[in-house]
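Here is a short tour of one chain, written for someone who likes to know the cut-offs. Have the viewer open and follow along.

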Amino acid sequence: PGLDTVPPFTFKELLMLKSLAKFGSIKQAAEFLYVSQSSVSSQLSSLEQKVKATLVNRHPGIQGASFTEEGQLLLRYAHP
């Protein structure tokens with residue numbers, strides 16, 4: 001689906017997504033946003049449910065996260 005079919009996002013969701021991209025980890029994004037890691041994880045899960053796609057590949061063992069193709073597309077939408 002193209003971006004024209006994607007539901008609207010909140011500023012909070014887009015900021016979380018951009019922070020994840022900037023820092024590459026849920027932990028560092030959470031610290032930057034002054035929220036808990038579980039808050040970032042829940043926002044991410046909620047956003048993934050909203051767009052019906054996995055946006056980020058979580059890598060718990062290495063404390064990192066990488067964007068899927070869908071996540072990269074949404075990130076371009078969030079950061080034109």
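## What covers helix α1

The cover over the buried residues of α1 includes α2 (26–33), α3 (37–51), β1 (56–59), β2 (64–67) and α4 (69–78). Contact here means heavy atoms within 4.5 Å, and buried means under 20% relative accessible area, with exposed over 50% and partly exposed in between (1.4 Å probe, protein chains only). The helices (H or I, at least four residues) and strands (E, at least two) are DSSP runs, numbered from the N terminus.

Please keep in mind that this is a predicted model, in which local features need pLDDT of at least 70 and side-chain atom pairs count only at pLDDT 80 or more, while totals for chains, interfaces and linings use all residues. Residues are numbered from 1 along each chain as its sequence is written, and side-chain values use heavy atoms, leaving out hydrogens and water.

## The helix itself

Helix α1 covers residues 11–23, and its end C-alpha atoms are 18 Å apart, which agrees with the 18 Å that 13 residues should span at 1.5 Å a residue; the expected span is 1.5 Å times one less than the number of residues. Gly24 follows α1 and has a positive phi, near 75 degrees.

Which residues of α1 are buried? They are Glu13, Leu14, Met16, Leu17, Ser19 and Leu20. Ser19 counts as buried because its relative accessibility is 2%. Beyond its neighbours within four places in sequence, Ser19 touches Gly24, Ala29, Phe32 and Leu33.

## The nonpolar core

A nonpolar core is a set of buried Ala, Val, Leu, Ile, Met, Phe, Trp, Tyr and Cys residues joined through side-chain atoms within 4.5 Å. The largest one has 19 residues, and Met16, Leu20, Leu44, Leu47 and Val56 have the most contacts inside it. At least two residues of this core come from each of α1, α2, α3, β2 and α4.

Leu20 is worth a click: neighbours within four places aside, its contacts are Ser25, Ile26, Ala29, Leu44, Val56, Ala65 and Phe67.

## One salt bridge

The structure holds one salt bridge, defined as a side-chain nitrogen of Lys or Arg within 4 Å of a carboxyl oxygen of Asp or Glu. Glu13 and Lys50 form it, at 3.1 Å from N to O. The pair links distant parts of the chain, with Glu13 in helix α1 and Lys50 in helix α3, 37 residues apart. Glu13 is buried because its relative accessible area is 9%, whereas Lys50 counts as partly exposed at 29%.

## The whole chain

Four helices and two strands make up the secondary structure, in the order α-α-α-β-β-α along the sequence. Of the 80 residues in the chain, 34% are buried.
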